[in-house]
Every structure is written in structure tokens, then in C-alpha cells.
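Let's take a walk through this model, one piece at a time. Have the sequence and the 3D view ready.

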Amino acid sequence: MINHLVGYKHEYGVTGNRFWFSTFLMMLLMVFLAGCATPVGTRNVGIKKSYEHINSNAIKDDTYSDASRTVLHRFFLEEVFKKDPGAAIEKLHDLACEDDRRDLLFALSELNYLSGRRASSSNNPDILEQARSYYLGSAVYAYLYLLGERGGDFPDPHDRRFRVASDLYNTGLAQALIYRKQTIPNKNSIHPLPVGTLYLELNLDRFPHDLEGLETIIPADKLTVYGLTVRDRHPGLGAPFIAVEKKIPGIPIIKSIPGTLFLKVEGNIRDLRQGVRAKAEIFSSYEKRETQINDKVIPLENDLSAQLAYALNQPFLWDIGSMQFFKGAVLKSGIYPVQPYSPDRIPVIFVHGTFSSPVWWAEMFNTLRADPILWEKYQFWFYLYDSSKQLVLSVVEMRDTLSEKIKTLDPHGKNNALKEIVVVGHSQGGLLTKLTAVETGDTLIRAVAKKDLNQLNLTVAEKAMFERYLIYSPLPFVRRVVFISTPHRGSYLANNWVQQIVRRIVSFPRDVLKTTGQLLTMAQKKDLTGFKDKKMITSIDAMSPSNKGLLALADIPLAPGIFGHSIISIKGDEMPPEGADGVVRYTSAHVDYVESEFIVRTGHSSQDHPLVIEEIRRILLEHLERQQQF
């Protein structure tokens, strides 16, 4: 028995040990394999990488999204698309004609866009035309995904595919109908699609510009904007573009217009093979920001900043300020609106300062216009003038121009929006602004003549000239004024040395010289203060701290019913009444008769300072609130 048992141990113990050893090795191997990889699992790649993967799509990457991958995988078409994109798209199209799931339409849009992008890198004209076909197909399928009646429930706006589909529609449309030929198709044009045909009709009812007068059309999506802090781009559907007009001989500025191209597709995916009709509508971005499809209000994508930056990318515009100052009127003085007149919006008029021009308001204008409330309620105008000529000449010219403009727009005085105008002036422009909003009587005359008007023994012509250039009443349509860095009591830089230099280098047009000469002759004849022995007078003379007329004007309050605000720059840490902005001291810019005074720590050219812009926004909202109360 013992031997038997011993034999068993010897015979089976070795075998048992081998078994347990093998089992142990298998368990170790399984643990090792489990630690290395599994068929399904996760990897920690961080938020940034994970977000990039989740949001990958054909517009930003050279591949399609997970949503389209899901559809291709569902129908075993991934390898087919790699080898023959056209065949895969046609197969998926046929499946979508029978399968109502809306995600097929999204996949078709994205796969068409990706195919168009890959084909567009070719130099072969036939392949480039094929690229346009793919891009147009992408826009059509995106439209059907977003707005088509067939295909299950409409997509939820929180769905990532909703925004991507909107971008596919916008960029696909721009690439197909604008990008290559930089023009918009004529009416009743026919366009092949990867599957089917599109019969296109053009509707220009919402675009008040002649296409024949355009040199080119540039998709805004092609452009990046620099020099402006805010890109005033409103999301929606449609391809935003810049329409550039043909250059007119003798006119140094090339005009451009912002617009949006919108494609409305009739029918559904089943109709494409037989051909579907579509309307390409062009909207002016200045007025229309939405359209309607059946019972849905669709916001239109537009990009006003791209057009503004494009328009300002002309060196001549930035030289106007210096050219106007040194050479006289390079461009005619007057109001330059940047959008068509809208009778329902209150005008805000920007008046530039010395050695400047309207382009220096670009940052403020672009930021304010991007505000949806201000966009709806206001329209922005710019006043251009020769900032070197005598202040009273510029004032009279500006007052006449504004009065004539309002009379032309509203001859019967029934438009309430034109009775609530806001004027914003910087530096010298602030002085012009004030003289639209005060009742001076003969205060200015007594300041420079030391006599009343009736004591000067004037001829009828001389009296008329005195009254025209030295007596002012408030313009009836100006309701609020804003002074920015305004030298109410003169600029300490406008000293005798500077005045003499300016007189030597500035040249005036003949009409300005004639009027200035008449004023000087009359002033010297009547022995008016500050005009003795002078042969020429400029705006710099007028802004001298010793100018009696300017000092008298500073003390005249705004007329009743007109509201005013001051924005004063102080460069440095000094506290009022100390401090200056490099050109104007606080004590010169400060006046007591305004509703508010805002101090900003910056230099004299403060129009583009974000806090200044925000203060202007506050003032404009306050103006609206007051208007609603009455």
C-alpha cells in the first residue's frame, strides 16, 4: 500500500505540478494581455485632443466626422468611399431616397464637401468643374438636412451636426457659386450635381445694386480680418460676400458692398435625379438679417467687419486726414454714411478731429454696430471736413450740410428718428459738435469785439457775415452731443510757434482763401481781438488757449432740451483737475453743463479705447431709454 501510494505520488505528482505550472503561466499571460490592450476601451488623451476628435469634420480637417463615419459603416461603404467617392455618394443617395433617417443627408453633405475640397486642388479644368459640382451638392444636401420636410424630425440646434451642416451649406454655396469665378450666376442657369441637376433662378429683389457694375465678388469666408478687435459676423445660413464695384475713373476710392447669398431648394432628395429648381436670393447685409422658409424664420449669415476691413484696406483713405489738412479738400466735405439710409433708425454722426478723417472711427463704429440693439435702432454717419481751415468756416459748412441733409430726407419734418440725432465729436470735432447745440446770441461777438453787434457800425453785408459766422442757434434735430478729448479752452500745443509753422505749410483752396481773407479784413477793420497783422488764420489759431472767442464759447451751456456728455483723456495717474492727454489739459476739456463726465487713462486719440467705446454704448442706450419715456 505504501509503495503504491508512493508510486502514485511519483507518477501523478509530477504531472500535477506541470498542470498547475501551465495554468499559472496562462493566468500570467492573461493578466499581461489585459494590461496591454482590449478590443474596446478608453485612452486618456486630455480635453484638447478629445475635443479636436469629437469636433473633427470635412471643413477643418482632411477627413469626415464620426457622424458620417457611422453612416458609411452602417452601409459598409467606408472602403468604397476611399476607392471611389463618386460611387459611394451615388449609392448613399439611393439609400437616402428610401431610408428616411436624416443623418444620411448630413453624411451626403459632408462627403460631397470633402470630395469637392480634394478635387479643387487639381489644375485640370474638368476636375475643377467637378469640384464645384460637389460643393453645390454639399450645400443642397445640407439644406435638405436642415430644412427639408422629408427625413424624420428636424435636427436639434444643440446637435453638433446642426452647426456643422450650417457651415457646410454656407461654405459649400460660396465655393460652388462664388469662389472660382468670383461672380454670381445669371438667371436660369443649370448646374450639374454629383447626382442630378439643379435649375437655378436668381432673385435680386433684396439687393439694390446692379450686378453689371461689379468688378468681383469675394466670399467673406476666404478673408481674415486684422486691425479691428471685433469681427461683426452674425451666425445663420447663407454665404456672406463682399461685392466690389468697378473702379470709376477720377475717383480714388473703390466702393464695396456686403451681402449674403441664400439658396432655397424646392422638392426633396427623390427629385434630384430628375432635376430640382432652386432660387438663389441675394440680400444686402445692411438691411436684411433673416428670411423665411415656410413657417420658419431663418437668420442670415453676414460679415460686416470683413467688408469694412476690406474697404479700409486702401492707403488713400488713411492719407485723407493729412492731405485735407495740408492741401485742402481732397474729398468734398460732407456726410459719408456707410450704409443706405434707413428712416426708422436714429443717425449717430461722428465728427473727426484735427489732422484726422472718418477712418479713425473704424474701431468704435465696428464695435457699436456689432451690438444688436444699437444695430436695430441706430444708423452711423461720418462727417468729413478740412480740419486746417478756420474753425468758424468748418462750423458753418457742417451746420449747412446737416440741415440740407435732413431737409432732403424729411422735407415735411415728420420723421421722429431724424429729430433725435446724436453727434459725437473728437478734439476739434467736439468744438464743431458743440456749435450745433448752443444758443450763442452775440456772446462771441462781444468776446472778440468788446462791443455789441449794433455798436460796430456794420454795413448790411458785414452784419450778415458777422451773424453767419459768429451767431449760432441749436440745430432743431440735434438732441444729444458727446465731446471726446475736446479742447473747449484750447490746446496747450496750439502756441505761437506751431501757429506760424502751420500757416507756412498749409495751402487752402481758392474759395477758402477768399472767405478767410474777407473775414480777416473785416476783423482787422473792426479791430477785433487777436486778428491784428495776421495774413492767414487756421484752425490751430482758433484753438489757441488765448482765443477770446473760444474761451467765451466754453462757458456757454448747451441749449435746453439738448443733453451732453464729456469723455476726457488723462495720460498718466494725475487726478483732476490736474492731468492732460498730450494735447488737451483736463481743465480745458472739462465743462459743467454735461450729464456725465467719464475719465479714461489714455492719450488724446482715444476713439478706439475699449472703455471709451463702452461709454458711448452706454450713452446711446440711455438716449433710447429717454426716447421711449417720451
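Strand β14 is covered on both faces: Ile421, Val423 and Gly425 are buried on one side, and Val422, Val424 and His426 on the other. Buried here means under 20% relative accessible area, exposed means over 50%, and partly exposed is in between (1.4 Å probe, protein chains only). Why two sets of residues? In a regular strand the side chains alternate between the two faces of the sheet. Strands (E, at least two residues) and helices (H or I, at least four) are DSSP runs, numbered from the N terminus.

A word on the source: this is a predicted model, where local features need pLDDT of at least 70 and side-chain atom pairs count only at pLDDT 80 or more, while totals for chains, interfaces and linings use all residues. Residues are numbered from 1 along each chain as its sequence is written, and side-chain values use heavy atoms, leaving out hydrogens and water.

Now look at what β14 pairs with; strands pair if DSSP finds at least two bridges between them. Strand β12 (residues 346-351) runs parallel to β14, joined by 4 bridges, and Phe350 has Val424 as its bridge partner. Strand β15 (residues 478-484) is also parallel to β14, over 6 bridges, with Val478 as the partner of Ile421.

Next comes helix α16 (residues 460-470), whose buried residues are Glu462, Met465, Phe466, Tyr469 and Leu470. They sit on the same side of α16 because they cover an arc of only 100 degrees around the axis, taken from the directions from the helix axis to the C-beta atoms. Val460 and Ala461 are exposed, on the face turned away from that buried side.
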